[in-house]
Amino acid sequence: MNSSYYKYCIVPQCKSTNIKTPNKLFIYVPNNEQIRKKWLKLARRDDVHSLSTNSRMYFCADHFDHL
């Protein structure tokens, strides 16, 4: 994955981007359709069925439990 892409968190109301928060980790949402839909439902996205399975989507590290 090329790190030069503009990244923003797709979780509703999250304002994290790799510009505003350059040291934050952004996790790529898997392209597998079933897994991607699960991730998007967990993120409470209302548009789960209309989002492309090919586009680059990220969650920021704020939405994961860190060990």
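**View 1. Lys37 is partly exposed, with a relative accessible area of 26%.** Partly exposed lies between buried, under 20% relative accessible area, and exposed, over 50% (1.4 Å probe, protein chains only). The model is predicted: local features need pLDDT of at least 70, side-chain atom pairs count only at pLDDT 80 or more, and totals for chains, interfaces and linings use all residues. Residues are numbered from 1 along each chain as its sequence is written, and side-chain values use heavy atoms, with hydrogens and water left out. The Lys37 side chain meets that of Glu33 in a salt bridge, 3.2 Å from N to O. A salt bridge here is a side-chain nitrogen of Lys or Arg within 4 Å of a carboxyl oxygen of Asp or Glu. Both residues lie in helix α1, four residues apart, about one turn of the helix. Helices (H or I, at least four residues) and strands (E, at least two) are DSSP runs, numbered from the N terminus. Glu33 is partly exposed too, at 45%.

**View 2. Asp62 and Lys24 join in a salt bridge.** The N to O distance is 2.7 Å. Asp62 lies in the segment after β2 and Lys24 in the segment before β1, so the pair ties together parts 38 residues apart in sequence. Lys24 is partly exposed, with 23% relative accessible area.

**View 3. Arg45 and Asp47 form a salt bridge.** Their side chains meet at 2.8 Å, N to O. Asp47 counts as partly exposed at 25% relative accessibility. A search of the whole structure finds three salt bridges.

**View 4. Trp39, Phe59 and Phe64 form one aromatic cluster.** The structure holds five aromatic pairs. Rings of Phe, Tyr and Trp (its six-membered ring) pair if their centres lie within 6.5 Å; planes under 30 degrees apart count as stacked, over 60 as edge-to-face and the rest as tilted. The rings of Trp39 and Phe59 have centres 5.3 Å apart and planes at 40°, so this pair is tilted. Trp39 lies in helix α1 (residues 33-42) and Phe59 in strand β2 (residues 58-60), so the pair ties together parts 20 residues apart in sequence. Phe59 is buried, with a relative accessible area of 7%.

**View 5. The charged end of Arg56 sits over the ring of Tyr5.** Its distance from the ring centre is 3.4 Å. A charge sits over a ring if NZ of Lys or CZ of Arg is within 6 Å of the ring centre and within 35 degrees of the ring normal.

**View 6. Tyr6, Tyr8 and Ile19 form a nonpolar surface patch.** Together they have about 360 Å² of accessible area, from the Shrake-Rupley method with a 1.4 Å probe; for residues, only the protein chains shown count as cover. Patch residues have over 30% relative accessible area and no salt bridge: like charges are joined within 9 Å, nonpolar side chains (Val, Leu, Ile, Met, Phe, Trp, Tyr) within 5 Å. Tyr6 is found in the segment before β1 (26-28). At 48% relative accessibility, Tyr6 counts as partly exposed.

**View 7. Thr17 is buried, with a relative accessible area of 8%.** Thr17 is found in the segment before β1. Not counting residues up to four places away in sequence, Thr17 touches Tyr6, Lys7, Tyr8, Pro22 and Phe26. Contact means heavy atoms within 4.5 Å.

**View 8. Arg44 counts as exposed, at 70% relative accessibility.** Arg44 is found in the loop between α1 and β2. The C-alpha atoms of Arg44 and Lys7 are separated by 19 Å. Along the chain, these residues are 37 residues apart.
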